[in-house]
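Hi everyone, thanks for making time. I'd like to walk you through a structure that may be new to you, so let me put it up on the screen.

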Amino acid sequence: PVAIAAWGESLYSVDSAQARVLRHQSEDPSSVKALWPAPGPAPAALAHDGRNLWSYDALTRTIYRHLGEGADGGTEAYPLGDVLPSAMAWYKDELWVADSKSARLSVFRIRGRTLELVRSQKLKEAFTGMALTMRSLPEGGRRLEMLALSPGSSGFALRRYRVRPSK
């Protein structure tokens, strides 16, 4: 597996070597409950928006929205162009993408049948995985945070970043 995404009682992974998507039970990730061919030959990133699973294929340079599970589930294609996602995550209606090619964190929104760039920021380091989460603050209120998995010379590091969502 090269990427994972969680939603509800399910954990999804993509197997890039065999170009397939797998659904696991979150309580027992080693148990595969379903598997089906990925929409492209080189799946590399995965995210779930609360309704649909999304995958990125490095060869076709396309993000796919999975409209169901299994080979008959269908997909919608959203070409990305010159972006190489190493990690993706959804926050509300925004797709956050860590682009390993340009070392940028970009945020997209769906506009019709395209992904429209909302904003982009240079990264200090590459991410191989990320998750967005709301953190409760001691003084009350909540703050959006990003957890990022970064490779380094002495192994991987898990870093926490405060982020501001779009208005």
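Before the first number, one term: a residue is called buried when its relative accessible area is under 20%. By that cut-off, 40% of the 167 residues of the chain count as buried. And please keep in mind that what you're looking at is a predicted model.

Okay, the overall picture. The chain exposes about 9,400 Å², and carbon and sulfur atoms supply 51% of that. If you follow the C-alpha trace along its principal axes, it spans about 45 × 35 × 35 Å. So how does the radius of gyration fit in? For 167 residues, a compact globule would come out near 15 Å, and the chain has 16 Å, so the two agree. As for contacts with a separation of 6 or more, 30% of them are between residues 24 or more positions apart.

Now, what is it built from? There are 15 strands and zero helices.

Quick reminder: strands of a sheet pair through backbone hydrogen bonds.

Let's zoom in on one pair. Strand β7, residues 62–66, runs antiparallel to β8, and five bridges join them. Which residue in β8 is the bridge partner of Y64? That's A77.

Okay, over to you for comments.

Conventions. Residues numbered from 1 in each chain as written. Predicted model: local features only at pLDDT ≥ 70, side-chain atom pairs only at ≥ 80, totals over all residues. Heavy atoms only, no water. Pairing = 2+ DSSP bridges. Helix = DSSP H or I, 4+ residues; strand = E, 2+ residues; numbered from the N terminus. Rg over C-alpha atoms; globule rule 2.2 N^0.38 Å. Buried < 20%, exposed > 50% of the residue type's maximum accessible area, 1.4 Å probe, protein only. Contact = heavy atoms within 4.5 Å. Areas by Shrake-Rupley, 256 points an atom, 1.4 Å probe, with all protein chains shown as cover.
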